[in-house]
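Student: Pick one part of this protein and take me through it closely. Then show me what lies around it, step by step.

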Amino acid sequence: MGTCATALLLLTGCGTTPPDSPAATRPAVRPGTAASPGVGGPPGRARVRAAPVPHAPRAHPREIPDLGPRTRAGIPADSRQALVVTGDDYDSSLSTAVLYTRDDPARGWRPVAGPWPAHNALDGWTDRHEQGDLRSPVGVYGLTYAGGLLAPPRTAFPYDHNPLFTVDGEGFDGEPLEGAFDYVVAIDYNRAPRTSPLDRTRPLGEERGGGIWLHVDHGGPTQGCVSLPADRMRELLTALDPAKKPIVVMGDAEGLER
C-alpha cells in the first residue's frame, strides 16, 4: 500500500530592485562578512553556528505485546522462550497461543510460531487455583519436562515416553478424550520442576490442585490444562529448548494486561 504525494514549491521574492531605492545605494557586502554602518574599520567575519548533529533514537528491546507490568515482572531474565496463552475472557474456555523467543536480548522478543487455537478450563481462569474448580491458573510458569503415550518427535526436551499417559472417557462436550495425552508438557504449577509430568509432588498442598499440562486438544474445554492441536504440540516439542529456559505465560487477556 502506498500513497503518492506531489509537492508544489512556490518561489516568491524574485525580481529587480529599482535604481532609485535606498537599497540600490548600499555597499555590497561580501558573502561571509558583516558590515556595521557608521563604524570604521574592516568588516567582521560573521559567526556561523554548526548545525546540530542528529542522534539516532535509542532502540529498546521489543516486549511481548499485551502484557502488563506485573506479568512482565514475572518473566525470568534468563528465559529466552515463552509460550503465551491468552484466554478470550475470564470465564471463557477458548484461548490462543503464540510462541516467542529472544535469542538476541538487545532486540527483545519476537514471535516464531502461532497464533494457534487452544482450549483452557471449562470455567475459564483464576488467580488462585483450587482442586476441582474447573479453572486454569493465571501466571508465569516454567516448562521443564514433557512426556506422552507416543514416542516424541525430534526434540531436545526431556521426555517420558510412558504407557501411563493413557486416558479414555468423554469430555465436557461429549467428545472422546482418547489421545489427549499422546504428547504433554508439564506446566510447573504446584509441582517439582524437572520431573516427569506423572510426578505427584504438590509443594502447595493437594488442595491447590496440580497436574496442569499442555496436552493434545480433544475438541472441548479442559479441567485446568491448556490443550493444543496434535500437530501444534509436535511443533512445540520440536521447538522447545531446555537451554533457553522456556516458560508459559497464561491467563485471560485482561488478567495478563495487569
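Tutor: Start with Asp-123, in the loop between strand S5 and strand S6 (125-126). Strands (E, at least two residues) and helices (H or I, at least four) are DSSP runs, numbered from the N terminus. This is a predicted model: local features need pLDDT of at least 70, side-chain atom pairs count only at pLDDT 80 or more, and totals for chains, interfaces and linings use all residues. Residues are numbered from 1 along each chain as its sequence is written, and side-chain values use heavy atoms, with hydrogens and water left out.

The cut-offs are under 20% relative accessible area for buried, over 50% for exposed, and partly exposed in between (1.4 Å probe, protein chains only).

Now look at what Asp-123 touches. Contact means heavy atoms within 4.5 Å. Setting aside neighbours within four places in sequence, Asp-123 is in contact with Tyr-90, Asp-91, Asp-133, Leu-134 and Arg-135. Gly-224 is 101 residues from Asp-123 in sequence, yet their C-alpha atoms are 9.0 Å apart in space. Across the protein chain, 61% of the contacts with a separation of 6 or more are between residues 24 or more positions apart.

Step back into strand S5. This strand covers residues 110-119, and His-119 is in it. His-119 has a relative accessibility of 15%, so it counts as buried. Its side chain makes a polar contact of 2.6 Å with the side chain of Asp-217. A polar contact is a pair of N or O atoms within 3.5 Å; within protein, one must be able to donate a hydrogen and the other to accept it, and residues adjacent in sequence count only if both atoms are side-chain atoms. Beyond four places in sequence, the contacts of His-119 include Ser-93, Ser-95, Gly-219, Pro-221 and Cys-225. Pro-115 also has its place in S5. The peptide bond from Gly-114 to Pro-115 is cis, with omega near 10 degrees.

Next, the nonpolar core. That term covers a set of buried Ala, Val, Leu, Ile, Met, Phe, Trp, Tyr and Cys residues joined through side-chain atoms within 4.5 Å. In soluble globular proteins, nonpolar side chains tend to be buried together. The largest nonpolar core here has 29 residues; Leu-83, Val-185, Ile-187, Leu-214 and Leu-236 touch the most other members. Another core, of 11 residues, lies apart from it, with Val-84, Val-98, Trp-109 and Ile-247 among its members.

Val-185 and Ile-187 bring us to strand S10 (residues 184-187), where they are buried on one side. Which strands pair with S10? One is strand S8 (residues 139-148), antiparallel over 3 bridges. The other is strand S11 (residues 213-216), also antiparallel over 3 bridges. Two strands pair if DSSP finds at least two bridges between them. Val-184 stands opposite Gly-147, and in S11 its bridge partner is His-215.

Beyond four places in sequence, Leu-236 is in contact with Leu-83, Leu-99, Trp-116, Leu-214 and Leu-228. Helix H3 spans residues 230-239 and holds both Arg-232 and Glu-235, 3 residues apart, about one turn of the helix. Those two form a salt bridge, with the closest N and O atoms 2.9 Å apart. A salt bridge is a side-chain nitrogen of Lys or Arg within 4 Å of a carboxyl oxygen of Asp or Glu. Side chains of opposite charge can pair when their charged atoms come close. By this rule, the count is 11. Arg-232, at 24% relative accessibility, is partly exposed, and Glu-235, at 31%, is partly exposed as well. Asp-103, Arg-110 and Lys-244 are linked in a network of salt bridges.

Finish with the whole protein chain. It has 4 helices and 13 strands. Of its 258 residues, 40% are buried.
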